[in-house]
Amino acid sequence: MEYVNMKINGMDISAPEGSTILEAARLANIEIPTICFLKDINEIGACRMCIVEVTGAKSMVTACVYPVNEGMEVWTNTPKVLASRKKTLELLLSDHDRKCLSCVRSGKCELQHLCHAYKVDDVSIYEGEKNTFKPDTSADHMVRDNNKCILCRRCVASCANTQGIGVIGANQRGFHTSIGSAFDMGLGETSCVCCGQCIKACPTGAIYEKDSTAEVLAALANPEKTVFVQTAPSVRAALGEMFEYPIGTNVEGKLAAALRRLGFDKVFDTDFGADLTIMEEAHEFLDRLQNGGKLPMITSCSPGWVKYCEHYFPEMTDNLSTCKSPQQMFGAIVKSYYAEQIGVDKENIVVVSAMPCTAKKFEINRDFEAGNGVPDVDIVITTRELGRMIEQAGIIFCSLPDEPFDAPLGISSGAGVIFGATGGVMEAALRTAADTLTGKELPNVEYREVRGTSRLKEASYNLAGNEIKVAVASGLKHARMLLKMVEAGEADYQFIEIMGCPGGCVNGGGQPQQPGYVRNTVNIREKRAEVLYQLDEQNEIRKAHENPAIIDLYDNYLGEPGSERAHELLHTKYIKRVVNKEL
């Protein structure tokens, strides 16, 4: 690699050729402020916050897109630069709804942070005409409030460049520009898949998930209701970030303790539902493989991916596994098997899910998600909502003891926990499918070829004389690439795993938001995924079919995987949705 020599604030720096000033400054431990910039997603130099002076240049330049060159001299904190950045903030705030006290992002807002750093206050903000917008509440999972939008376009880039969907963009021009769907349709009227990646990208409170915490509190306060909570694998890998823990900290024990102190009657683990999903999905895959079923079979755990398939590849919905997601399977078992075990009427049970995923809010309202005649799951809250509930309740999270989940629906295998990382569903399914095909308990449980944060992975395994070709994709842009290859006959796979969010659920749209400078410099999804693989390695049970609680469930209630009762409770159907052709 070639390097160029330059100076930043008088210090000698050697930076890789082709670097931007922003990247070079980080080598000198200088963080130039940005708003619109997200590495590899939104590199447009539009917000002007990263402005710097370059000796010899006719005007200040944007550090996020300006390349370095030999002998360049850069100044990042001159009075002229600081005055320009402050002016930019004042102009942004002149058309901004400054109701910080009631904003969901208050204290963690990137705009608020910069205003504090540059000493911007109400006295210096320009007054004049302001745009006013009615918040869009048409989608199941989120609210868009353009009164707090600063037109950074990070949400637009996430939707178009990361997910390859592009249902939002800039409408109107000039002062009246706003971000929204084509023809100002409500987001709920479009082919949005509810993935929430736009929420995670937003630096302010302009986009946020629909808050369901009031519903949870009402259920907990109702003496006629028995309220159970389940928490997804990747919540334990990210919740700590809401309480200043380092990224990649496992807070499983404190998570269970906090949920108990919020007042839930039982605290369960969705990993149990993941083990159950593997039992049904592995059986379904082997049945299709051996009996001429529709291949490749594609996983159905990610509701954002499922909705995407229904909208954009409706002809491939027959390839989807009919298995419900772990969340929904868990709810169905709670309101059937477990309700009978404890003698509580299913009508009086409320199942709450703590999830890393905003699409789960959509999923609970889908058709065919009421296995025992009542909704499988009643309320979904995101990791962020759970963090706010814990804070509101005055629970001192960092001082909590580590507590276990409740049995039996809190017992799970290592295979269940890795569901939260891309490739985890595939690996978990292969562990059970391999043992079933060979009729042996194989000692090798790790399928490392499908691990890692690469967005497209493939592998081939010989299982009892059967060559099984598999592929894994995460992020819908890459899912589209993979499915186009399958459609064109350019790829021959028997089993495909697709996760709607890049990196899988660890990077879900409901996970804690990190500011741009962290997203640009830290591999967040990798650090969170490491937590799940460590938990897998530490678990004495590493295969779903070896989970004693799962064995007991089948022996005493479901019968065999794929049985009539299992299909009634644990399987679903799909809809061939029509994409709005005008989008």
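Guide: The model is a predicted one. Let us begin with strand S1 (residues 3-8), where Val4, Met6 and Ile8 make up a covered face and Tyr3, Asn5 and Lys7 an uncovered one.

Visitor: What makes S5 a partner of S1?

Guide: S1 and S5 are joined by 2 bridges and run parallel; the requirement is at least two, so this pair qualifies. Lys7 has Glu73 of S5 as its bridge partner. Strand S5 (residues 73-75) also pairs with strand S3 (residues 51-54), here in the antiparallel sense and over 2 bridges, with Val54 bridged to Val74.

Visitor: What makes the sheet mixed, and in what order do its strands lie?

Guide: The order is S2-S1-S5-S3-S4, an open sheet of 5 strands with mixed pairing.

Visitor: Why are strand S2 and strand S4 said to stand at the edges?

Guide: Strand S2 (11-16) and strand S4 (61-62) each have a single partner strand, so one side of each has no neighbour in the sheet.

Visitor: How do you know that strand S13 is mostly covered?

Guide: A residue is buried when its relative accessible area is under 20%. In strand S13 (residues 349-355), 7 of the 7 residues are buried. Both faces are covered: Ile349, Val351, Ser353 and Met355 lie on one side, and Val350, Val352 and Ala354 on the other.

Visitor: Which strands pair with S13?

Guide: Strand S10 (residues 226-231) pairs with S13 in the parallel sense over 6 bridges, and Val227 is bridged to Val350. Strand S14 (residues 379-382) is parallel to S13 and joined to it by 4 bridges; there, Ser353 has Val380 as its bridge partner.

Visitor: Why is Ala117 called partly exposed?

Guide: The relative accessibility of Ala117 is 43%. Buried means under 20% and exposed over 50%, so a value in between is partly exposed. Ala117 belongs to helix H3 (residues 110-117).

Visitor: Turning to the whole protein, how many helices and strands does it have, and why is it called as compact as a globular protein of its length?

Guide: The protein has 19 helices and 17 strands. Its radius of gyration is 25 Å, close to the 25 Å that the globule rule gives for 583 residues, so the description holds. Of the 583 residues, 60% count as buried. Among contacts between residues at least 6 apart in sequence, 74% join residues at least 24 apart.

Notes: Residues numbered from 1 in each chain as written. Predicted model: local features only at pLDDT ≥ 70, side-chain atom pairs only at ≥ 80, totals over all residues. Heavy atoms only, no water. Rg over C-alpha atoms; globule rule 2.2 N^0.38 Å. Buried < 20%, exposed > 50% of the residue type's maximum accessible area, 1.4 Å probe, protein only. Contact = heavy atoms within 4.5 Å.
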